[in-house]
Amino acid sequence: MPTPMAIFYESFEEDWVGRWHPSNKEGYQGFWKRAKIEGHENYGLLVSEKARKYGIATILPEAVEFKDKPVILQYELRLQNGIECGGSYLKFLRAQKDGWTPDQLDNTAPYSIMFGPDKCGATNKVHFIFQHKNPKTGSYREHHLKFPPSPPNDKLSHVFTAFVYPNNTVSIFIDEIEKKTADLLSESFDPPVLPPKTIPDPEDKKPEDWDERVKIPDPEAVKPEDWDENAPYEIEDLDATKPVGWLDDEPEEIDDPDAIKPEDWDDDEDGEWEPPKVRNPKCEDGLGCGQWMRPKKKNPAYKGKWYAPMIDNPAYKGVWKARQIPNPEYFHMEKLNLEPVVALGIEIWTMQDGILFDNILITNDEKIASIYREQWKAKYDIEKEQQKKEEAEKAARENAFVRMQNKLFKFLYDMAELPSLAPQREMLLVCVYAYYALLMCFLGYVPQMLIRLCERLIAGTDRNNRRKSSCCFVSDWNYCGGCFVFCV
């Protein structure tokens, strides 16, 4: 909606139906909503559904010319649910084909400038792209700002401003802070607007006898007669002898003599129980077990595959390049002639909902843009204070959790120190420390820990049915990305 001070301004405080027109093109199923901004009384335009293509556009009350005055493009954006993959930029549309209406917006609609954040995968940038018409050919081409700034990564309101000046300069500001300034006619854009004066002749072909090799194998070199390419890199050390005391008939691993078949083992369901293997203690005390084999050593006769030495190529001509010819598309200009903007569109694809657009402004007056940014600042300060409050409350909850952990650990530690539990003290302490580490990862294991500790205490005091207890480690990457330790 226009104001006396701006070419175009939209606050979405009033219902946008009739001014803005959602795209009715195939695939654009995202539903736009006028919604209150979280924590505020004012409204914005909301992306309400996940994993959708969105399109909406409005015709400007007058065309925006890029001539002798600066053009300021500005809007507020809040990613209320954050964003992992999706765009949140605006398209400032140039004249469309005859008969075009805003509800026909799609990704083919030509624009003068595309401006705003885009994030997905490795892409995380604030785009500034403009389409420019080559005066020689009449064709349009996109020119992307190189090394654009990154958008803030939070759920607060932010204001994005692009100043397009008559001297071919663009300045990108985020939250009133300058992030990038570039010359629109310079190498800061890919590709540059001004084409090269000459180009490689597409008809020029490299001669068949053109040799680009700097070095070549010496054609006069001959492999020495004693060069054996089949000699192995390593051979057996024939001087090595089997150590005295080597136990040929002893296996390196044996059944664990202390292992006991679990009481709840069911041969029908679990199969025949086999004790775990352990290192043969005889092998550790002696020099070795099993079949003895001579060690390997480097083969002194090994030379590998023979190659002729490299020499300078006498036929070398350098790297071939096609001859240069005048570029038929070349032109020169002192001032960029951007197409006038006649409509404004939001055409995005996003995996997130909660994207909220507000206070979209187009003006020639930098003071006016500054006044609207003051409204953003007041909103931002409120959100920032709320964020600090929530972070403080979260820290308090985490501190309370840590205190609870410490109390529980002390209780379990004191249990393990009871004189009546002295026979199990070492085992209990190992398990207590292990489970204490788990508390920092998954509080739900506390009940299991207490149950297992009680079972061990009962088993340890039953002299007639006592079995050995131990602690073992079980890898389980389904929880917390680490190893769980538990008593068995």
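A salt bridge is a side-chain nitrogen of Lys or Arg within 4 Å of a carboxyl oxygen of Asp or Glu. In this predicted model, the side chains of lysine 223 and glutamate 229 meet in such a bridge, with an N to O distance of 4.0 Å. Lysine 223 counts as partly exposed because its relative accessibility is 36%. Glutamate 229 is also partly exposed, since its relative accessible area is 32%.

A search of the whole structure finds 21 salt bridges. One of them pairs aspartate 204 with arginine 323, with 3.2 Å from N to O. This pair links distant parts of the chain, as the two residues are 119 residues apart. Aspartate 204 sits in the loop between strand S16 (198-200) and strand S17 (215-217), while arginine 323 sits in the loop between S22 and S23. Aspartate 204 has 17% relative accessibility and therefore counts as buried, for buried means under 20%. Arginine 323, at 48%, counts as partly exposed.

Another salt bridge joins aspartate 267 to lysine 261, and the closest N and O atoms are 3.1 Å apart. Both partners are partly exposed: aspartate 267 has a relative accessibility of 39%, and lysine 261 has a relative accessible area of 35%. Elsewhere, salt bridges that share partners join Glu76, Asp358 and Lys379 into one network.

Next comes the protein as a whole. The protein contains 5 helices and 27 strands. It has 488 residues, of which 38% count as buried. Its accessible surface comes to about 29300 Å², and carbon and sulfur atoms hold 52% of that area. Among contacts with a separation of 6 or more, 72% are between residues 24 or more positions apart.

Two loop residues show what a buried position looks like here. Serine 88 lies between strand S7 (85-87) and strand S8 (90-93). Its relative accessibility is 2%, so serine 88 counts as buried. Leaving aside residues up to four places away in sequence, serine 88 touches several others, including Tyr75, Gly116, Ile348 and Phe357. Asparagine 168 is in the loop between strand S12 (157-164) and strand S13 (169-174). With 8% relative accessibility, asparagine 168 counts as buried.

Other loop residues are exposed. Glycine 39 is in the loop between strand S3 (32-36) and strand S4 (43-47). Because its relative accessibility is 73%, glycine 39 counts as exposed; the cut-off for exposed is over 50%. From C-alpha to C-alpha, glycine 39 is 8.8 Å from glutamine 386, and the two are 347 residues apart in sequence. Valine 319, in the loop between strand S22 (310-312) and strand S23 (324-326), is exposed at 60% relative accessibility.

Valine 319 also belongs to a surface patch. Together with Val214 and Tyr316, Val319 makes a nonpolar patch of about 280 Å². A negative surface patch is formed by Asp264, Asp266, Asp268, Glu269 and Asp270. Of these residues, glutamate 269 is found in helix H1 (residues 267-270). Glutamate 269 counts as exposed because its relative accessibility is 68%.

Methods
Residues numbered from 1 in each chain as written. Predicted model: local features only at pLDDT ≥ 70, side-chain atom pairs only at ≥ 80, totals over all residues. Heavy atoms only, no water. Patch = residues over 30% accessible without salt bridge, like charges linked within 9 Å, V, L, I, M, F, W, Y side chains within 5 Å. Areas by Shrake-Rupley, 256 points an atom, 1.4 Å probe, with all protein chains shown as cover. Lys, Arg positive; Asp, Glu negative; His and termini not counted. Charge placed at Lys NZ, Arg CZ, Asp CG, Glu CD. Helix = DSSP H or I, 4+ residues; strand = E, 2+ residues; numbered from the N terminus. Buried < 20%, exposed > 50% of the residue type's maximum accessible area, 1.4 Å probe, protein only. Contact = heavy atoms within 4.5 Å.
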